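Keep the sequence and the structure in view while reading.

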Amino acid sequence: MSEEFKLSRRKFLEKVTVGIGGVLTALFGIPAAIFVVKPVLKKDESSGWMRLGSISKVTPGTPTLFSLKVERETGWITDQDEIMVYVYTEDGRDYAVMSNICTHLACRVRWIEERQEFFCPCHNGVYDKQGTVLAGPPPRPLDRYEFNIENDDIYIKVG
Ligand code: FES
């Protein structure tokens with residue numbers, strides 16, 4: 001083998017080593033950088049306020065159901081949750097935004113128009129239209145969301 005060939009072989013191996021190092025850096029470094037930077041960017045993007053919908057959908061005296069899709073990140077995993085809330089007003093001026101999750105063991109409650117109450121089918125929990133416990137095992141009223149009304153839209157604070 002000539003000296004020239006050995007030298008070019010050495011250079012070739014150097015380039016292969018540098019190339020493999022670059023590929024490994026890209027494989028592990030880029031996802032790691034995204035993992036660190038993305039949550040910071042995402043906080044600025046949403047700040048937790050999400051639009052529920054038009055407040056004009058809410059009929060005074062009747063809790064109205066709204067749903068919202070929310071992406072949640074846990075480490076590398078992104079899940080999509082559906083949040084369902086009831087918006088209630090008695091007079092069209094003061095509103096309450098209540099979770100539909102029972103405060104006993106987290107089943108979903110639903111509004112029963114004929115009985116004018118929220119009912120939880122898991123253990124017969126009953127709440128009034130303001131979310132106050134009327135019967136059953138729930139230890140406290142339905143949880144409420146912080147909300148904001150701008151123009152015709154209602155926003156809730158999520159997270
Ligand atoms: S989970 Fe609702 S009453 Fe038990």
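Read from the N terminus, the order of elements is α-β-β-β-β-β-β-β-β-β-β.

This is a predicted model, in which local features need pLDDT of at least 70 and side-chain atom pairs count only at pLDDT 80 or more, while totals for chains, interfaces and linings use all residues. Residues are numbered from 1 along each chain as its sequence is written, and side-chain values use heavy atoms, with hydrogens and water left out.

One part to look at is an open sheet of three strands, ordered S2-S3-S4 and paired in the antiparallel sense. Its edge strands, S2 (64-74) and S4 (95-99), each pair on one side only. Neighbouring strands of this sheet are turned by 35° against each other on average, direction ignored; the axes behind this angle are lines fitted to C-alpha atoms, and angles run from 0 to 180 degrees between N-to-C directions. Two strands count as paired if DSSP finds at least two bridges between them. S2 and S3 (residues 77-89) are joined by eleven bridges in the antiparallel sense. Within the sheet, leucine 68 lies opposite isoleucine 83 of S3.

For the protein chain as a whole, 29% of the 159 residues are buried, meaning under 20% relative accessible area with a 1.4 Å probe, protein chains only. Of the contacts (heavy atoms within 4.5 Å) with a separation of 6 or more, 47% are between residues 24 or more positions apart.

Note on methods. Helix = DSSP H or I, 4+ residues; strand = E, 2+ residues; numbered from the N terminus. Buried < 20%, exposed > 50% of the residue type's maximum accessible area, 1.4 Å probe, protein only.
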